[in-house]
Amino acid sequence: MNTEIGENLTVATSYYGAMLKKDFVAMAGYLAEDVCFVSPFAKIDGKEAVLNAAKNFGETLQDIQIRAKFTKGNQAMLAYDMQLPAPVGQFRAAVLMDFGNSQITKIELFFDSAPFNEN
């Protein structure tokens, strides 16, 4: 495996590991200054804004289990199960991440937003 490609996958999994540990300083280190975040709910640009959104989500995150991970070129994709407090509980998601200079430049989340809309 190409070293940079392997490093991208390590950064992707480490980012979510830091979120689970609520280590927001470590999370910040994985993000590029011009990072872009896209989800079913929002599009957010810039490291500080993305980190603030991740902190808000990370505070409620109870667990994350990465089920699969793939990488090609400057991208990595993870499929995972996340656990949040009731009434949402467990939900499945996938993320496509782009990288530049061993930092995350884009985070695009894919998940069914219906459980969040019911609350």
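Two exercises on a predicted model follow, each with a worked solution.

**Exercise 1.** Classify the ring pairs that link Tyr15, Tyr16 and Tyr80 into a cluster, and state which elements the pair of tyrosine 16 and tyrosine 80 ties together.

*Solution.* A pair of aromatic rings is described by the distance of the centres and the angle of the planes. The structure holds 4 aromatic pairs, and one of them joins tyrosine 15 to tyrosine 16, with 5.3 Å from centre to centre and 85° between the planes, which is edge-to-face. For tyrosine 16 and tyrosine 80 the ring centres are 5.1 Å apart and the planes stand at 45°, so this pair is tilted.

**Exercise 2.** Describe the largest pocket by its volume, its lining and the class of its lining residues.

*Solution.* The volume comes to about 350 Å³. The lining consists of 19 residues, of which Phe37, Ser39, Phe57, Leu109 and Phe111 are the closest to the centre of the pocket. Two or more lining residues come from each of α1 (3–21), α3 (47–60), β4 (75–83) and β6 (103–110), and α3 gives the most, with 4 residues. Sorted by class, the lining has 18 nonpolar residues and 1 polar residue, while no charged residue takes part.

Notes. Residues numbered from 1 in each chain as written. Predicted model: local features only at pLDDT ≥ 70, side-chain atom pairs only at ≥ 80, totals over all residues. Heavy atoms only, no water. 1 Å grid on protein atoms, 1.4 Å probe; cavity = no way out; pocket = protein on both sides within 12 Å on 5 of 7 lines; lining within 4 Å. Points joined across faces, edges and corners; volume = space filled by probe spheres on them. Nonpolar A, V, L, I, M, F, W, Y, C, P; charged D, E, K, R; others polar. Phe/Tyr/Trp six-rings, centres within 6.5 Å; stacked < 30°, edge-to-face > 60°.
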